[in-house]
Amino acid sequence: MPLSPNLRGALFMMVAMVGFTLNDAITKYSSQSMNMAQVMLIRGAFASLFVGLLAWQRGALSRPRLMLQPLVAMRVLSEAGGTVSFLVALAHLPIGSVSAVLQALPLAVTMGAALFFGETVGWRRWLAIATGFAGVLIIVRPGFDGFTIYSLWALASVACCTVRDLATKRIPQTTPTMLVSTATALAMTVVGAVLLSPMGSWTPMTGKSTALLALAAVLVLIGYQFIIMAMRSGEISFIAPFRYTALLWSILLGLIVFGDIPDMPMIVGATIVVGSGLYALYRERVVGRRRIVAETTGPAMAPDGI
């Protein structure tokens, strides 16, 4: 029997999250043999090539001056900050822990939209936001033995990605999404080149390490495309919650590839964050507003730099 549009969209969303999570796992694995700036440089170069070719094929590069718009620049800069901080955290923390902290992004975007754009957020969603951030604190555990400074890098990534998503909301619809993605990929490559020397200079690469980073770039592109397919398949309010399957894949890959066993604070905190996000999304559906949280997984919001 053919799948319904909602189930097909949910399947596409899960495939997208697998793509992004596999990219993260390859990136973390690559950081064992080279610094993160080199990872950004090589992966960004491949991503720029692949995304640029796709954008050119779709005619998205016909007006390159659109890359110079202030909002596009803000998105690119915040994406760069989010990527650097994410990769630093990923290199030193279990992939599941970093992914768990990033699950607070929809809540942070909802809060930012309320504070800066005047979006209406009722007390129930404010309570969900506060509860979600309490879950993040349980994961990060400041002041306790399990705390590490690299947890703050994960929080910095959430902050930068929040700015990225809020800026993306204000980019005119006439600006092609693929053009923005191309600009972002090019910026990641440049940032990697600039940070290469401060982070430890160049490490000779093998054919295997190069192929892995090329694969990581392909996986990002696959994730990007499947998110678009997901959001075009069914109801956003049904499909968006499946973005949280990324946490399950992260924990599973962390266990299989890196031998990371999640501890109880991480499990409890992640459960609170995901539960708060799902409740916030439910409240948006109840009040007839399906945009704020869902847009962090929309076509223009794909985490193409991370």
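## Salt bridge between K169 and E119

K169 and E119 are joined by a salt bridge, with N and O 3.2 Å apart; the term requires a side-chain nitrogen of Lys or Arg within 4 Å of a carboxyl oxygen of Asp or Glu. The pair links distant parts of the chain, with K169 in helix α7 and E119 in the loop between α5 (105-117) and α6, 50 residues apart. Helices (H or I, at least four residues) and strands (E, at least two) are DSSP runs, numbered from the N terminus. K169 counts as buried at a relative accessible area of 18%, and E119 is buried at 15%. Here buried means under 20% relative accessible area, exposed over 50%, and partly exposed in between (1.4 Å probe, protein chains only).

This is a predicted model, in which local features need pLDDT of at least 70 and side-chain atom pairs count only at pLDDT 80 or more, while totals for chains, interfaces and linings use all residues. Residues are numbered from 1 along each chain as its sequence is written, and side-chain values use heavy atoms, with hydrogens and water left out.

## The network around E79

The structure holds 5 salt bridges. Those that share partners join R75, E79, R164 and D165 into one network. Within helix α3, E79 meets R75 in a salt bridge (3.5 Å, N to O); the two are 4 residues apart, so about one helical turn separates them. E79 has a relative accessible area of 0% and is buried, as is R75 at 1%.

E79 also forms a salt bridge with R164, the closest N and O atoms being 3.1 Å apart. Because E79 lies in helix α3 and R164 in helix α7, this pair ties together parts that are 85 residues apart in sequence. R164 is buried, with a relative accessible area of 1%.

## Nonpolar cores

The largest nonpolar core has 45 residues. Such a core is a set of buried Ala, Val, Leu, Ile, Met, Phe, Trp, Tyr and Cys residues joined through side-chain atoms within 4.5 Å. F86, L87, A100, V101, V136, I139 and L247 have the most contacts inside this core. Helices that each supply at least two of its residues are α2 (36-57), α3 (70-92), α4 (95-102), α6 (123-140), α7 (150-170), α8 (177-195), α11 (245-257) and α12 (264-286). Helix α3 gives the most to this core, with 9 residues. Apart from it lies another core, of 11 residues, among them M13, I227, M231 and I239.

V136 sits in helix α6 and is buried, at a relative accessible area of 5%. Leaving aside neighbours within four places in sequence, V136 is in contact (heavy atoms within 4.5 Å) with V101, A104, L155 and V273. W153 is 17 residues from V136 along the chain, and their C-alpha atoms are separated by 13 Å.

## Loop residues

I171 belongs to the loop between α7 and α8, and at 8% relative accessibility it counts as buried. Not counting residues up to four places away in sequence, I171 touches L71, V72, R75 and V180. I171 and E119 are 52 residues apart in sequence and 17 Å apart in space, C-alpha to C-alpha.

S201 lies in the loop between α8 and α9 (207-231). Phi of S201 is near 65°, a positive value in a residue other than glycine. At 37% relative accessibility, S201 counts as partly exposed.

## Surface patch

W249, L252, L255, I256, V257 and I261 form a nonpolar patch on the surface, with about 590 Å² of accessible area together. Patches are made of residues with over 30% relative accessible area and no salt bridge, with like charges joined within 9 Å and nonpolar side chains (Val, Leu, Ile, Met, Phe, Trp, Tyr) within 5 Å. Accessible areas come from the Shrake-Rupley method with a 1.4 Å probe, and for residues only the protein chains shown count as cover. I261 is placed in the loop between α11 and α12 and counts as exposed, at 71% relative accessibility.

## UniProt annotations

An unreviewed UniProt entry gives the feature "transmembrane region" at several places, including residues 7-26 and 76-95. UniProt positions follow the numbering used here, feature names are shortened, and annotations may be inferred rather than shown by experiment. Residues 7-26 are 100% helix and 0% strand, with end C-alpha atoms 29 Å apart. Residues 76-95 are 90% helix and 0% strand, with end C-alpha atoms 24 Å apart.

For "domain: EamA", the unreviewed UniProt entry lists residues 8-140. Over residues 8-140 the chain is 80% helix and 0% strand, and the end C-alpha atoms are 35 Å apart.
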